[in-house]
Structures are given as structure tokens and as C-alpha cells.
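Morning, everyone. Please bring up the sequence and the 3D view, and we will walk through them together.

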Amino acid sequence: MNDQPIAPTPIARQLAEWALTLDLRQVESAVLERMKLHLLDQIGAKVSCRNLPAPSIAQRYVSRFGLAGTASILGTSMQADAEYAAFANATAGSSFEIDDYGGNGAYAHPGCVVVPSALAVAEVSGASGAEFMCAVVAGFETIIRLALATMPSMFLERGFHQTAAHGVFAVALAAAMLEKDDVATAVNALGVAGSYASGTTEFSQSGGEVKRAHAGIGASGGIRAERLARVGLTGPPTIFEGRRGFLEAFSNAYDARFLHEELGTRWHFPERAALKPHASCALIHHHFAAYDELRAAEAFAPADIEEVVLGCEPLAIVHTGATGPRPRDVVGAQFSAEYGIAMRIARGRNDVASYLDAEAAGFQDPEIAALAQRVRLEVDPECAVEIPKGKVTLRLRDGRTLSATAYA
């Protein structure tokens, strides 16, 4: 909806005024309880993944090039300046596809960007627990609203990865709250943050570990944007809705109203955000759920399957269908719908250990490899709805056809 009237007050100012006056007592208890689950989930992701390759690289980067400081790098004895600690922690939190997800039609990854940034800034600034939680819940809501405003166009039609592109704004806003900035500074922080919005999805097409660092890039960029604003750097007040603003630059189709309507009265975050039970791209989780329904209801063995057809929304085809059935690295395996469903059929698992085991075996498990070759993806109108679904159809050697459709 690119022909919408421009809001009379710039969106960045509306967001800043909402966030800086937000009091934890104004937040519904159900929203806070849901946020606490996401907070704990993200801390667990950071600590459990801290020694994987990408987090280890981030820690080496911070040790070699970072500034000294008192912000903790979780699960280690390291401390650093908040900007660098947030980079390391955010990279760990998004390093193995177990971070939370803005599902239900709001494609986003809020926790891996907001939580590490708010932790780092709060630790250094001496913010209270209530102030920290208030900043986190505002950051989560901001990211979900950005996702509703720009996705899937930003991702599907332009190829931008939402984690850093959305996250940098939420981090700048959360940092402004924790540093007790005035409205003008917060607006400038959002304006500057637009110049740090970044990240493409080419990793899902040809590989690369940089995807793991996108949360770190968004986290550190958001903190830097707020700091630059605090020492006087200005940014465009119409960074979102302007003719060359974020919405126009990053999306073919967008709806700016999600960014400012019902601020403080409606919380989109608990309606849209989800926790991921599997260590893969969230767009495949629908299919895992659909297959699990078939496995529970029907009698068949993996060897009985002649063909697997995955009914998908268009975004899933682009994002999880490019790698194909033969991944070359673990990122490719986690973003391959063919390989992921073959793992589920053959081994019944898509957790962290199963992908690490597959990587150690060079992705050459013969049963998984054979099944992956028999998987086909197709766009299914039944799945391409506001709250996307996944369909799994099994064509068996005995002539039966089994099909199920499910939400993640």
C-alpha cells in the first residue's frame, strides 16, 4: 500500500514519544509473560551456542578490535564495550537457527537483536530491571510492527534479510530508552539507524556464515546509531515514510500504518512471535508439523515413500528451495527444505545435535540423501495465506497418497 497518506507527525517521532513515555505498568501482564519466555529462550540460545564457529569468530573480533568495557559476553569471562558485547552476544543468539521468530505472517527475528543490545546497554548504564524489561518489550513490538509493515515484500522481492534491517531500529529505540534520551535524540537515533539497516539473503542461495552475524550487525549498529545521535549527529526525521526512506527503499509493497497506529493500545508481538523448537529455517517448521501429523495417524516406513511434495508459500520456495537436496555446509542444510524434511522422515529429529551430526558426516548419510532426492517443492495457494501453513503430501509405493496441512 504505497499510496498511503503520510502521517501528520513523522513516524519516528511517534515511535520515540511512545517508547520514551512507556511505563512497565502500562504493559499487559500477558505481554510481559510472553516476553519473559522469549528473553529466557534467547539467553539460552546465546549461552548454548557461544562456542560454535560464528560466535567464536565474533569473540575473536571483539578481543582483537573491540573497545574495553564492562558489558558481559554471556557464557564467558569476557567483557567489552556495550557495542561490541552486543555484537558477540547477538551473533551467538542467532548462530544456529534456534532464535525466536516473528511467525504468523510477521517474518522477523526480534530476540536475537533486542535482548543482547538491551542487556549490554542496561549493564553499562546501570538501568533497573524494570527499565530493562520495558526497553525489551518496546524493542520486540517495534520489530514485529516493522515486519508487518514491510514483509514479505522486503524479503521476497528485494532480497533483504530482516534481522539486521528491522533490528537496528528497535535497538536504537531501546538504547535511547535505557540512556534516558530526550525525544529529539531518539528521533535522530532512528534516523541514523536507517543508514545501518543492512543484510541480504544471498546466503540462502549460495551459502556463507555471514547470516549468523546479521543479528550482531543490527545490534551493534543500533547502539552506535543511538550513541552518534547522543553526541549530536542528526538523521532524517522521515526515515521510515519519506520518499527515500526505509519503506520505499526496502520494499515494493508496504503498509506504514503498522508502525504508528494503536501504539500503546494494541500489542502485535504476542499475536505474532513464536519460539522455534527446531534448528532450521522457520519456514520449514510448518512441514515438520504436517509430517508429524501424518506419522502419528498413518502406518508407513521411510522406505515406503516414493515422493514427498511440500506445498509452500512463495517465500518458502525462494528461501528454502535454493540449496537443493545436497547441502554443502550446515547453513545450506538448515535452509534446505528437501534435506530438512528428509532428516525428519529418516531420523525424526531436526535439533542442534542432528544438524551437527549431519555436518560431521559430510551430509552423506545415505538414507537421508536418498530421501532428499525424492522431495519436490511447489507453491500451494492453501499455504500462501496471511498466517502461512505448510502441506506435506506423501506418495507411497503401495499406491496410497497421504496429505496433511499444518501450522508451525
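Start with two helices. H287, F288, Y291, D292 and R295 in α14 meet G340, I341, R344 and I345 in α17. Meeting here means contact: heavy atoms within 4.5 Å.

A word on ground rules. This is a predicted model, where local features need pLDDT of at least 70, side-chain atom pairs count only at pLDDT 80 or more, and totals for chains, interfaces and linings use all residues. Residues are numbered from 1 along each chain as its sequence is written, and side-chain values use heavy atoms, with hydrogens and water left out. The names come from DSSP runs, numbered from the N terminus: helices are H or I with at least four residues, strands are E with at least two.

Back to our pair. How far apart are the axes of α14 and α17? They are 10 Å apart, and the helices pack at an angle of about 30°. Axes are lines fitted to C-alpha atoms, for helices over the stretch in contact, and angles run from 0 to 180 degrees between N-to-C directions. So α14 is roughly parallel to α17. The cut-offs: under 35 degrees is roughly parallel, over 145 roughly antiparallel, 65 to 115 roughly perpendicular, and the rest oblique. The crossing of α14 and α17 is right-handed.

Now a second pair. Helix α4, residues 82-93, and helix α5, residues 111-125, have axes that come within 8 Å and cross at roughly 150°. That makes α4 roughly antiparallel to α5. Contact residues include A86 and A90 of α4, with A120 and V124 of α5. This crossing of α4 and α5 is right-handed.

On to the sheet. Four strands form an open sheet in the order β6-β5-β7-β8, with mixed pairing. Two strands pair if DSSP finds at least two bridges between them.

Zoom in on β7 and β8. They run antiparallel, joined by 6 bridges. They form a hairpin with 4 residues between them, and G399 in the turn has a positive phi of about 95°. R395 stands opposite T401, and L394 stands opposite L402.

A404 has a value of 10%. Its touching partners include A290, E293 and L294. The C-alpha atoms of A404 and A289 are separated by 9.0 Å, though these residues are 115 apart along the chain.

Last, the core. The largest nonpolar core has 137 residues, and L394 is among those with the most contacts inside it. Such a core is a set of buried Ala, Val, Leu, Ile, Met, Phe, Trp, Tyr and Cys residues joined through side-chain atoms within 4.5 Å. Helix α6 gives the most to this core, with 14 residues.

Notes. Buried means under 20% relative accessible area, exposed over 50%, partly exposed in between (1.4 Å probe, protein chains only). A crossing is left-handed if the near helix is turned anticlockwise from the far one by less than a right angle, and right-handed if clockwise. Lists of a residue's contacts leave out its neighbours within four places in sequence.
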